[in-house]
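This report covers two ligand sites. Have the sequence and the structure open while you read.

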Amino acid sequence: MPTANTPASYGSVARAFHWLTALLILANLPLGVIAAEMPFDTAEALARKAQLFSVHKTLGVAIFAVALARILWALTQPRPAPLHPGRRLETFLAETVHWALYLSLVVVPLSGWVHHAAVEGFAPILWPLGQGLPFVPVSDAVAQAAEAVHWVFTKLLFASVALHVLGALKHVFIDRDGTLARMTRGTPSAGTPHRSPAPMLAALALFAAGFGLAWSLSAPAPTETARPAAGAGNWQVETGTLTFAVKQMGAEVQGSLPVWTADITYDPATGTGTVKVAIDTTQVTLGAVTDQAKGADFFATASHPTATFTADISPAGTGRQAKGTLTLRGVETPVTLPFTLTPDGDTATMTGTTTLDRRDFGMGAAYTDESQIGFAVTVQVALTARKAK
Ligand code: HEM
Ligand code: HEM
């Protein structure tokens, strides 16, 4: 059994690569669709969905490795010539699909992997080699672009595989020629060599169009201002961030609440004052699980679109802190936020951090196991305010 290809036959290595890839792709395509469609409304459903995604990603990374090895091998080999090159449209179509399949074998797993590396949390790849990728930052923009590429090119891969299999079946049942036997048993069938760059160029054009589509899908929708709006009080917030971190399946996930207003009344002479913060919970982001964070189990943004924190500021001598009540998803809980204040002329910079227990607000009540979602949520506030004239 020859290992190498000849102009009339596929060798055993090329055939082993072909059928191994076919098997893995035909398993991972439906797995991706099923995992993406699975609900995640309960703790058990989320755990099952995450497990399936972990299998999908691990298999996908394995496919990537096999695909690279296969492509390197193909580069060293002659490609058996088509049996009916006279049928120009058919040959063009078949070869364009072959190029599209080769390109998909790189773009599909790589885009999935980049998406995975650019978001935090959720289903890990089941291996000890880490979850990030060099040169891929954790970033919403990168994640969205990679997700769009993965989405578009999985559809293109599906269409290419469907055309490819239909073509193979046509050779068996209509043409009754040796095309399939060449790829299954390796039986030689001499074709007529013909080399045209057109199929490769057509596949590249298709991919360029696919990237264009992915680009337009991932272009960020205009969002509401991420800056805190000005509030009443004698200090006006100029810039600020409100972020939080929680452990999900052992890995820390960063969240953000970008839209809020703060009414601050503060007397530097006494170091006392009051603060009232209103937070738009509908704008919350939390890595790959933003939709879930907005759901009824967590921020419940549909029924509780606003959270408030009303507190008194106590002076530096007693340890600077804002002590009051946080109302989140309709539940009122006493909260103390220790902070530091750095005055600079008419402005002052404040940073504070505190740790909350999500259970105090009935958040994620169904998730009683801390290994899935941690109980402790670290909240960080940083803002610069200017004293009103
Ligand atoms: C189970 C369904 C499949 C069948 C029946 C099938 C059949 C075939 C046959 C008969 C050939 C040889 C064509 C020729 O000699 O001109 C071929 C080539 C090829 N197949 Fe498949 N295939 C299947 C699935 C796949 C999948 C899932 C992929 C990859 C995603 C794939 C990628 C390729 C590539 C890239 C070639 C060209 C190899 C070359 O000449 O370099 N096939 N396939
Ligand atoms: C050749 C290998 C792969 C194939 C055939 C494949 C296929 C798919 C498919 C069909 C979907 C469903 C898309 C939809 O919503 O319609 C999907 C989703 C997804 N895949 Fe893959 N995938 C592969 C590799 C990977 C890899 C290596 C990773 C990560 C390491 C990955 C991560 C994901 C993620 C995170 C989603 C969900 C995206 C979303 O939320 O919209 N995939 N994949």
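Which helix gives the most to the shell around ligand 1? Helix 1 does, with five residues.

## Basis

This is a predicted model: local features need pLDDT of at least 70, side-chain atom pairs count only at pLDDT 80 or more, and totals for chains, interfaces and linings use all residues. Residues are numbered from 1 along each chain as its sequence is written, chains are lettered from A and ligands numbered from 1 in the order in which they are written, and side-chain values use heavy atoms, without hydrogens and water.

## Ligand 1

The shell around ligand 1 holds 20 residues (a heavy atom within 4 Å). Tyr-10, His-18, Tyr-102, His-164 and Arg-182 are the closest. At least two shell residues come from each of helix 1 (12-37), helix 3 (88-118), helix 4 and helix 5 (179-184). Helices here are DSSP runs of H or I, at least four residues, numbered from the N terminus.

## The iron of ligand 2

His-56 (NE2) and His-150 (NE2) coordinate the iron atom of ligand 2, at 2.0 to 2.1 Å. Donors are N, O and S atoms within 2.8 Å of the metal (3.2 Å for Na, K and Ca); water is not among the atoms, so sites may look incomplete.

The pair links distant parts of the chain. His-56 sits in helix 2 (residues 43-75) and His-150 in helix 4 (residues 140-175), 94 residues apart. His-56 counts as buried because its relative accessibility is 13% (buried is under 20%, 1.4 Å probe, protein chains only).

Key
Buried means under 20% relative accessible area, exposed over 50%, partly exposed in between (1.4 Å probe, protein chains only).
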